[in-house]
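Subject: Structure for handover

Hello,

Here is the structure that I am handing over to you.

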Amino acid sequence: MIVVMKKGSKEEDVSRVKERIEDMGLEAHISKGSERTVIGVVGSLDKDKLSLDPIATLSLDEGVDRVYSVTKPYKLASRENREENTIVKVGNVEVGGDNFTIIAGPCSVESKEQMMETALGIKECSAHMLRGGAFKPRTSPYTFQGLGEEGLKLLKEASDATGMPIVTEVMNPKDLDVVLRYADVLQIGARNIQNFSLLKLVGQTDKPVLLKRGMSTTIQEFLMSAEYVMSEGNADVILCERGIRTFETATRSTLDISAVPVLKKETHLPVLIDPSHAAGKRDYVPALSKAAIAAGADGLLIEVHYKPEIAVSDAAQQLNIPEYCSLVKELKDIAKAVGKVIN
Ligand code: PEP
Ligand code: MN
């Protein structure tokens, strides 16, 4: 259910309505837009209040403009709940709105030299945030699993040297505390997108969460995962389409470019594209990146390595720094045509 407050409603009106909602045993999620405040209501009525009609009750409040029920199973994430695009702030970086945000960096954090050289290189060419995995979800238990906290420290040094916030994956709830000490954005990888207990835990933090669509996750399931995070009180969710599994084997996954307009219609949350894991091969990354910006995505998560040929994971899909820089140059031209800004 959505409660739309009247234009110019005061803080006290919003608190009174919130109290009324909570008195019925329901939860109120307040979202302040530039024009008005909207309250998303979720939960079920207390047993002794079952005879109440919350829509009728709340409609009577003098601060309320209208109340309506949300038909989608994802309530807080749905565009019905919030018409305006959500902008997620990470330090000085804004994800969503007119911004086209680029998160770049290697697949895995490997060494000090690798992180520093890569971070300094991409910073020269308009990267906004720095990525790198310290806890790696590898298909084989015998391949490189990530440097753990040592890797997070290297990320932090590279972030301090360049001013770029850190985006890094948390795979296991037992690592959440250590990842929280270093990360500016918590990444949930494709393989954990339906790990509901992990989603609830990151929903209880105050760090923005980047959710990667699973390789076999429908858009509805993807949005339900966002709902898990948001229902715990964390509204700062960024979605990322990274390719889904189809019968096609020419690419590592099939980039579902249609996910961009569908998600844009269904949700107010920012939508990024990861062309690297979708393609699996660096040659295809520029075309998919350009398709992403043209289709209306809010940014990219892209793998870049100062020496991809020696990368310990995903070597075939990482761009080197000159390749990355020439791609960003092309993206800037497309950005102008589609009303996006790459700062
Ligand atoms: C990653 O971005 O580091 C990653 C492992 O990607 P995905 O979870 O999409 O496979
Ligand atoms: Mn990778």
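This is a predicted model: local features need pLDDT of at least 70, side-chain atom pairs count only at pLDDT 80 or more; totals for chains, interfaces and linings use all residues.

Residues are numbered from 1 along each chain as its sequence is written, chains are lettered from A and ligands numbered from 1 in the order in which they are written, and side-chain values use heavy atoms, with hydrogens and water left out.

Ligand site

The shell around ligand 1 (residues with a heavy atom within 4 Å of it) consists of Arg131, Lys136, Pro137, Glu169, Gln187, Gly189, Ala190, Arg191, Lys212, Arg242 and His277. By class, two of these residues are nonpolar, three polar and six charged; Ala, Val, Leu, Ile, Met, Phe, Trp, Tyr, Cys and Pro count as nonpolar, Asp, Glu, Lys and Arg as charged, and the others, Gly among them, as polar.

Oxygen atoms of ligand 1 lie 3.2 Å from a side-chain N or O atom of Lys136 and 3.0 Å from one of Gln187. At Ala190 it is a backbone N or O atom that lies 2.8 Å from a ligand oxygen. Taken alone, ligand 1 exposes 290 Å², and the protein buries 96% of that (Shrake-Rupley method, 1.4 Å probe).

Buried means under 20% relative accessible area, exposed over 50%, and partly exposed in between (1.4 Å probe, protein chains only). Strands are DSSP runs of E of at least two residues, helices runs of H or I of at least four, numbered from the N terminus. S9 (residues 166–169) runs parallel to S10 and is joined to it by three bridges; pairing takes at least two. Thr168 stands opposite Leu186.

Two loop residues

Asn234 sits in the loop between helix H7 (219–231) and strand S12 (237–241). Asn234 is buried, at 4% relative accessible area, and its side chain reaches the backbone nitrogen of Asp236 at 3.0 Å.

Asn81 is in the loop between strand S4 (64–68) and strand S5 (88–90). Asn81 is buried as well, at 9% relative accessibility. A polar atom of the Asn81 side chain lies 2.9 Å from the backbone oxygen of Leu76.

Regards

Definitions and conventions: A polar contact is a pair of N or O atoms within 3.5 Å; within protein, one must be able to donate a hydrogen and the other to accept it, and residues adjacent in sequence count only if both atoms are side-chain atoms.
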